[in-house]
Amino acid sequence: MVSLTALLTVWIWMQSQTALGQHTCPSTPQSSIDFTVKYSLPHFQTQKPIQNIAVNQDNEQVYIGYQNAVVGVNSSMNKIWEVKTGPIGSPDCETCLACDVEVKPEDPVDTDNEILLLDPDLNLVPYLYICGSTRYGICYFTDITLEAPAPQCLYTKERNSPTYCRDCVASPFGTKAMIAEDGQTSYFFVAASVNDRITQTYPRRSLSVLRPLSTEDGFEMVTNVTVLPGLRDSYSINYIYSFSAKDYVYFLSLQRENPYKNDSAFQTRLGRLSISNPEMWMYRELIVECRYEPKRRRRRRGAFKGTVYNGLQAAHFGQVGKDLADELRVAEGENVLYGVFAEVNKHGQPQKNSALCALPLTKINQEIEAGEEACCKSSTEQLSRGLCHFHCPCVNVFFLLVQNSDSRCTDKPTLVSKPYYRIDLFNSEMRNVLFTSVLVNTIGTHTVGHFGTSDGRILQVTTWCWAGEYAEVGMHYKVLNVDVFAMISMNPCDITSLFHMVPSTGPGCAHFKTCPMCLNAPSFMNCGWCSGICSRQEECSSQWNKKSCGPIITEFFPKMVPAGGVTEVTLCGSEFQSALRPPIISSKTHIVTVGSGTTPSITEIKPDYGPLFGGTVVTLTGRYLNTGVTRNVKIGDKSCTIQNYLFACLCFFSNALQ
């Protein structure tokens with residue numbers, strides 16, 4: 001037997017050095033944005049899904065159209081009036097009493113809101129125009145200056161018939177409209193999705209221009225065109241968005257490339273009509289695409305391929321801030337059409353793969369003029385005028401000129417054959433996302449985009465690198481578990497049964513989880529750091545900091561070190577570079593520094609003795625025995641195996657230790 005207490009050469013060697021793979025900072029960085037943050041927003045609850053919104057900037061009122069009703073809402077989200085538009089035959093239906101219209105018993109009774117427009121000159125004509133899906137799409141107007149506006153009918157029975165109805169405007173399959181002024185005259189520009197049935201009885205047209213009568217009881221038909229009879233049930237044109245600027249009104253639609261092939265690819269088209277001369281021979285169409293084109297080095301590797309986003313989902317017409325204007329090479333404040341696109345398959349279904357393209361209006365018009373000029377050039381192969389679904393036969397300009405030498409080449413409806421495309425500003429980063437709405441506005445020099453998604457989120461993006469390198473996410477927050485269908489005016493909103501008012505500066509700052517992310521948010525969001533939370537100054541009850549951030553330490557090791565030596569200490573966390581003087585080794589996620597520590601001491605060894613041969617479990621008791629990163633225990637010149645951090649050691653002895 002050997003007395004262990006007699007062996008005075010008990011040596012515990014505790015080495016304070018960094019052991020690779022034993023103590024490292026977590027590789028997964030802390031999330032800087034919490035996409036699950038919920039904000040309490042002012043809202044208005046409707047009984048049915050919202051279908052249209054009109055915003056009156058003059059009196060800060062919003063008019064909301066949904067099935068069987070239109071309501072006026074003030075800036076506090078309180079209802080100020082309501083007009084019932086259905087069900088047809090109900091004693092509550094106010095529009096039913098305004099017009100003498102005979103309907104069939106089998107006709108639908110619930111009225112969807114198809115058109116909701118304010119008059120362009122509200123000071124002179126304070127009217128809100130309402131057109132529904134029932135009663136052959138006739139329209140009404142209300143005086144919004146009244147406390148309880150009553151609907152007035154824009155229809156006269158004597159001037160209309162089942163075979164010709166100039167006062168029948170809206171289609172139950174979808175309608176977009178704009179009101180544009182030419183001098184003292186207002187015109188309604190209407191684009192409607194039609195089939196054979198609604199073009200036969202109290203007919204509606206695909207495209208029409210109407211002038212309201214001074215007697216305020218109907219319209220005068222200025223011009224119109226409709227899909228040819230043989231195509232009305234097979235060739236659908238889905239009108240998505242309309243806007244007007246300067247001399248023209250524009251319509252955006254999704255339709256198949258070839259009206260005679262039901263399996264042809266879908267295209268996005270932009271139609272243009274003149275305001276001063278709203279005749280169909282002035283009508284022009286342009287194919288519009290949004291594309292992703294990978295960089296050359298990526299194409300060589302074969303890892304990426306280009307994408308054509310053929311299907312427009314939503315659009316917004318607005319101005320451009322200096323940041324985006326410089327990239328687009330246009331003037332600050334110029335008019336731009338912003339469109340969110342998706343890949344649409346041959347069945348017309350949009351895929352969860354979205355893109356954003358910005359189309360300057362000047363370049364759109366230049367493309368139309370260039371295409372028109374190319375169509376009129378004399379050559380051996382004359383370009384087709386296209387638009388075969390509107391005209392029969394579809395002949396090229398060469399034969400038109402032969403038949404009528406007095407007719408100008410440009411005096412014909414024309415489809416520009418060459419697509420006009422722009423590059424995805426998100427650089428194909430919005431995979432597995434389906435954008436359903438878009439609103440873009442400017443704040444200072446910033447161009448700020450708001451995007452609604454099919455899963456009920458609103459994404460706000462600014463500080464763009466529009467060349468496709470990056471885009472900084474300012475906000476990304478969930479509103480409801482439903483599609484965000486549209487955004488109107490300067491406030492993106494959820495177009496469901498809840499109408500939300502979301503300021504363009506965003507609903508708050510709490511989704512930024514780290515101080516650096518908080519302080520680097522766009523300045524117009526007014527975010528600062530308040531006791532570990534990103535907030536606005538008025539929401540902070542303690543010190544609010546907008547200038548600097550301290551380091552965030554999440555872990556350090558070793559916890560104890562021996563005295564009298566040099567020890568590397570690793571601190572885990574974030575943003576050390578921005579907060580500390582350069583120590584030894586540092587980065588944004590960890591820092592290694594040096595220092596001295598405590599000396600381990602042994603107060604007891606058990607057992608006092610053990611067998612001469614074999615293994616003995618020796619328990620060491622003392623202070624600071626877990627100091628350092630790695631630990632070795634030796635009795636004499638023999639190493640022991642540490643069983644656990646209670647310092648029970650298994651030691652083997654030989655005759656040399658007798």
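Q: How much space lies in the largest cavity?
A: The largest cavity holds about 90 Å³ of space, where a cavity is a set of points on a 1 Å grid over the protein atoms alone at which a 1.4 Å probe fits but cannot get out. A volume is the space filled by probe spheres set on the points, which are joined across faces, edges and corners. This is a predicted model, in which local features need pLDDT of at least 70 and side-chain atom pairs count only at pLDDT 80 or more, while totals for chains, interfaces and linings use all residues. Residues are numbered from 1 along each chain as its sequence is written, and side-chain values use heavy atoms, with hydrogens and water left out.

Q: And how many cavities of 30 Å³ or more are there?
A: The structure has four cavities of 30 Å³ or more.

Q: Back to the largest cavity: which residues lie nearest its centre?
A: Those are T85, T111, C131, G132 and Y140, out of 15 residues in the lining, a lining residue being one with an atom within 4 Å of a point.

Q: Which element gives the most to that lining?
A: Strand β9 gives the most, with three residues; strands here are DSSP runs (E, at least two residues) and helices likewise (H or I, at least four), numbered from the N terminus.

Q: Switching to cysteines, how many disulfides does a search of the whole structure find?
A: The search finds nine, counting as a disulfide a pair of cysteine sulfur atoms within 2.5 Å.

Q: What does C290 pair with?
A: C290 is joined to C357, with 2.0 Å from S to S.

Q: Is C290 buried or exposed?
A: C290 counts as buried, at 0% relative accessibility, where buried means under 20% relative accessible area, exposed over 50% and partly exposed in between, with a 1.4 Å probe and protein chains only. C357 is also buried, at 1%.

Q: What about C515 and C549, which hand does their disulfide have?
A: The disulfide of C515 and C549 is left-handed, because the torsion about the S-S bond is about -85°; the sulfur atoms are 1.9 Å apart.

Terms used
On a 1 Å grid over the protein atoms alone, a cavity is a set of points where a 1.4 Å probe fits but cannot get out, and a pocket is an open set with protein on both sides within 12 Å along at least five of seven lines; lining residues have an atom within 4 Å of a point.
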